[in-house]
Amino acid sequence: MFSNLKQQPADKILALMQAFREDPRDTKIDLGVGVYKNAEGVTPVMRAVKAAEKQLWEQQETKAYTGLAGDPGFSDAMIDLVLGDSVARDSISAAATPGGTGACRQAFEMIRWSNPEARVFVSNPTWPNHLSILKFLNMPVVEYRYFDGETRGVDFDGMIADLKQAKKGDVVLLHGCCHNPTGANLNMAQWQEVVAVLLETGAVPMIDIAYQGFGDGLEEDAQATRLVASSVPECLIAASCSKNFGVYRERTGILMAISQDTSLVGLTQGSLNFLNRQNYSFPPDHGARVVTMILQDPALRADWAAELEEVRLSMLGLREQLAGELQRLSGSDRFGFLAQHRGMFSRLGTTPELVEVMRKEHAIYMVGDSRMNIAGLNKTSVPILAQAIIDAGV
Ligand code: LMR
């Protein structure tokens with residue numbers, strides 16, 4: 001039996017993580033996997049997470065199963081965080097999932113289950129694991145133009161033209177904020193146009209929001225998701241707590257399904273529960289419970305939001321420092337886009353060959369498509385990276 005299995009190509013992001021670990025050079029800089037690191041290169045447990053875990057340890061009396069959709073308190077708290085009051089609560093069904101990846105996987109399964117013909121429109125580029133899971137599920141994928149290699153911003157005309165090709169029953173996968181891997185994002189006027197195209201075509205949006213609070217702020221980063229969710233008849237939202245709560249390994253995420261036809265909500269909730277049961281029964285609880293405690297307790301919530309804001313501002317500072325350093329070294333503004341991008345990542349927009357040169361000659365690790373994790377930098381490594389970019393001839 002096992003001999004029938006097919007060797008799969010290594011995930012590029014995870015392979016890079018491994019290559020970095022194995023590099024003996026002490027000057028090495030890791031701009032690979034999307035994990036926040038502070039100036040000391042540590043991915044800290046957030047203060048509010050520590051405090052909530054302590055309370056949980058003291059107060060929790062059972063680890064018996066929760067519900068198939070996880071704890072309802074988690075759903076309510078996350079719906080409030082992501083959607084605020086933009087959408088009526090009785091139009092939303094939700095289920096906890098193992099991280100944002102679990103939410104994406106369950107969403108794709110739900111789409112395929114409901115309509116095996118559905119094509120999923122994905123940005124070119126998108127997070128590689130979107131493509132990998134869709135391929136694994138044998139689902140038809142259509143790419144829409146997104147990144148403009150010249151400006152390093154969004155090719156908005158191309159995006160709109162391609163999205164107009166979607167049909168009723170298709171799904172359009174959108175990044176709610178902090179686009180991964182490019183860092184290039186739409187403004188709200190552009191989101192309005194996307195909504196108009198969705199309404200015109202009848203395609204269903206699926207929003208992946210994995211970096212709320214990393215771009216322009218917690219509320220600001222949710223605006224696009226709220227606009228879309230409140231404007232269309234049906235919508236799926238996959239949200240992750242991995243990054244904004246720093247609970248990566250706890251696998252904490254949620255899938256929401258919104259329907260303006262509230263008579264469908266019982267059916268969608270039952271379907272989310274069923275899908276959880278088929279794939280892993282009950283979703284993981286520890287991270288979800290910690291997140292719920294933080295969001296429900298005003299003091300913990302304020303401390304969490306303050307620390308998240310420190311994280312966001314530190315990444316913005318690094319972006320500005322890097323853009324400034326490159327302006328000085330290149331004598332041009334051609335790297336100004338780095339300060340305009342938002343979130344954890346920026347796509348430098350260079351070739352895999354030059355990415356390889358930077359890895360070999362400068363021990364700088366970025367993903368082959370030239371995605372850089374800005375949080376992998378600190379004030380000292382920014383000038384080193386800037387010099388390497390110039391020396392490599394980017
Ligand atoms: C990333 O894009 O680096 C993160 O979302 C981590 C992952 O699982 O790929």
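Author: Here is a short talk about the terms and the values behind them. This is a predicted model, in which local features need pLDDT of at least 70 and side-chain atom pairs count only at pLDDT 80 or more, while totals for chains, interfaces and linings use all residues. Residues are numbered from 1 along each chain as its sequence is written.

Reader: Why is Ile384 called partly exposed?

Author: Let's set the value against the rule. A residue is buried with 20 or more other C-beta atoms within 10 Å of its own, exposed with 12 or fewer, and partly exposed in between, with C-beta atoms placed from the backbone. Ile384 has 16 such atoms within 10 Å, so it is partly exposed.

Reader: Where does Ile384 lie?

Author: Ile384 is part of helix 14, residues 381–392. Helices here are DSSP runs (H or I, at least four residues), strands are runs of E of at least two, and both are numbered from the N terminus.

Reader: Which domains does the chain have?

Author: The assignment gives domain 1 (11–45 + 313–392) and domain 2 (65–296); such bounds come from an automatic or database domain assignment. Their C-alpha centres lie 27 Å apart.

Reader: How many residues of domain 1 and domain 2 are in contact?

Author: On the domain 1 side there are 21, and they meet 23 residues of domain 2. Contact means that two C-beta atoms, placed from the backbone, lie within 7 Å. Strand 9 gives the largest share of the domain 1 side, 3 residues. By class, that side of domain 1 has 10 nonpolar, 6 polar and 5 charged residues.

Reader: What makes a residue nonpolar, polar or charged?

Author: Ala, Val, Leu, Ile, Met, Phe, Trp, Tyr, Cys and Pro count as nonpolar, Asp, Glu, Lys and Arg as charged, and the others, Gly among them, as polar.
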